[in-house]
Amino acid sequence: YSENTIVVLFSDHGFHLGEKQRWAKRSLWEDGTRVPLIISATGLPTGQVCTQASGLIDIYPTLLDLCSMSAEKTHEGITLKPQLKNAQARRRTPAITTFGPGNHAVRSEHWRYIRYRDGSEELYDHRRDPHEWNNLAADPKQEDIMQAHRKHLPKLEQPILGKGSTGHQAFEAAETFLKKQKTASSRQTTSDD
């Protein structure tokens with residue numbers, strides 16, 4: 001089967017182990033969303049490493065394309081075949097991650113932009129800050145980067161799973177944690193002033 005088999009290796013999304021004072025998943029930061037993705041098929045170059053952002057939602061359209069089948073127009077993912085043929089090929093859209101309504105991360109090759117449903121924003125330059133410690137969202141010099149990423153935020157919101165589901169519980173737990181963290185941070189800022 002070596003001439004007609006496509007092998008795809010990926011995993012569940014990332015897990016915080018104390019980074020940014022977080023444990024478990026439930027964040028839109030790199031440590032909570034990044035996964036390995038390896039695709040091997042006959043006719044594709046080997047040993048390439050692509051630095052373009054992608055999402056697991058891109059696997060199905062990619063498999064269809066590699067099998068010379070048409071993708072559905074309703075699919076949100078895009079084929080990775082151009083990047084599989086040439087790791088330097090530019091992706092036409094960034095990867096989007098969502099955690100609950102109104103909370104989205106837009107990941108391009110060098111930047112992660114996050115917008116929360118309360119309107120707060122984060123921006124990280126992964127070339128200089130791979131661990132996302134320096135939020136550049138308030139820097140006026142980054143406005144063009146912010147705007148370029150904002151235009152990829154989803155226009156429609158899908159509801160989270162019903163009350164009592166693990167997805168719903170995880171979202172509520174994360175939202176409660178973030179509220180406490182923001183309150184503690186604002187108290188610290190006030191006491192420092």
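The legends below describe an overview and close-up views of a predicted model.

**View 1. Overview of the protein chain.** Residues are numbered from 1 along each chain as its sequence is written, and side-chain values use heavy atoms, leaving out hydrogens and water. In this predicted model local features need pLDDT of at least 70 and side-chain atom pairs count only at pLDDT 80 or more, while totals for chains, interfaces and linings use all residues. The protein chain has 5 helices and 8 strands, taken as DSSP runs (helices H or I, at least four residues; strands E, at least two) numbered from the N terminus. Their order from the N terminus is β-β-β-α-β-α-α-β-β-β-β-α-α. Of the 193 residues, 34% are buried (under 20% relative accessible area; exposed is over 50%, partly exposed in between; 1.4 Å probe, protein chains only).

**View 2. Helix α2 and the elements it packs against.** Helix α2 covers residues 59-66, with Ile-59, Pro-61, Thr-62 and Leu-64 buried. These buried residues pack against β1 (7-10), β4 (37-40) and α3 (81-85), where contact means heavy atoms within 4.5 Å.

**View 3. The residue Ser-68.** Ser-68 follows α2 and has a positive phi, near 55°.

**View 4. Trp-23 in strand β3.** Strand β3 spans residues 23-24 and contains Trp-23. Trp-23 has a relative accessible area of 59%, so this residue counts as exposed.
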